[in-house]
Amino acid sequence: MEYKSISSKLPRNEVNLFRDYCERKGVTPSSLIRELILKELKVSVPINVAGFNKITYDKENDNFNWTVDLDNEDSKSILNKISVEFLEDLNKEITNALDKRNSIILKSKEGSVAIPSNFLK
């Protein structure tokens, strides 16, 4: 197996922070960099995944569970035992973010969708 080096330039203060971190963790900088690179390479992002968010109320515990039901019949748990307050706050933040986006793209009619601006040229 042939080995090659990879390098990166960092400001001196970041290099010092990284070296101190490695020292506290008890690893060499090169082994940590290698570990981080390999960890990133193993992360695969699904290209074709579709499904639906589903939030269900658990009346016995007065909380909610959030899952994503995938089109391939699989189901993934996102969060369990979500409090009412957390869900209300999340709802408020989602509404605020969508309202901000709609004002930026000048969306004013229900059901309209974003159109690529190059269509209008």
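A helix here is a DSSP run of H or I with at least four residues, and helices are numbered from the N terminus. I keep that beside me, as my notes are on a predicted model.

Entry 1: I looked up the largest pocket and found a volume of about 640 Å³. It is lined by 17 residues, and those closest to its centre are Ile-6, Ser-30, Ile-33, Arg-34 and Ile-37.

Next I asked myself which helices each supply at least two residues of the lining. They are H1, which covers 12-25, and H2. The largest share comes from H2, with seven residues.

**Entry 2: a residue on H2.** I stayed with helix H2, residues 29-42, and picked out Leu-41 there. Is Leu-41 buried or exposed? Its relative accessible area is 65%, and exposed means over 50%, so Leu-41 counts as exposed. I then looked from Leu-41 to Thr-56: the two are 15 residues apart in sequence and 35 Å apart in space, C-alpha to C-alpha.

**Entry 3: the rings.** I searched the whole structure for aromatic pairs and got one. Tyr-57 and Phe-64 form this pair, with 5.1 Å centre to centre and 50° between the planes, and it is tilted.

I checked how open each partner is. Phe-64 has a relative accessible area of 17%, so it is buried, the cut-off being under 20%. Tyr-57, at 45%, is partly exposed, because that value falls between the 20% and 50% limits.

Key
Residues numbered from 1 in each chain as written. Predicted model: local features only at pLDDT ≥ 70, side-chain atom pairs only at ≥ 80, totals over all residues. Heavy atoms only, no water. Buried < 20%, exposed > 50% of the residue type's maximum accessible area, 1.4 Å probe, protein only. 1 Å grid on protein atoms, 1.4 Å probe; cavity = no way out; pocket = protein on both sides within 12 Å on 5 of 7 lines; lining within 4 Å. Points joined across faces, edges and corners; volume = space filled by probe spheres on them. Phe/Tyr/Trp six-rings, centres within 6.5 Å; stacked < 30°, edge-to-face > 60°.
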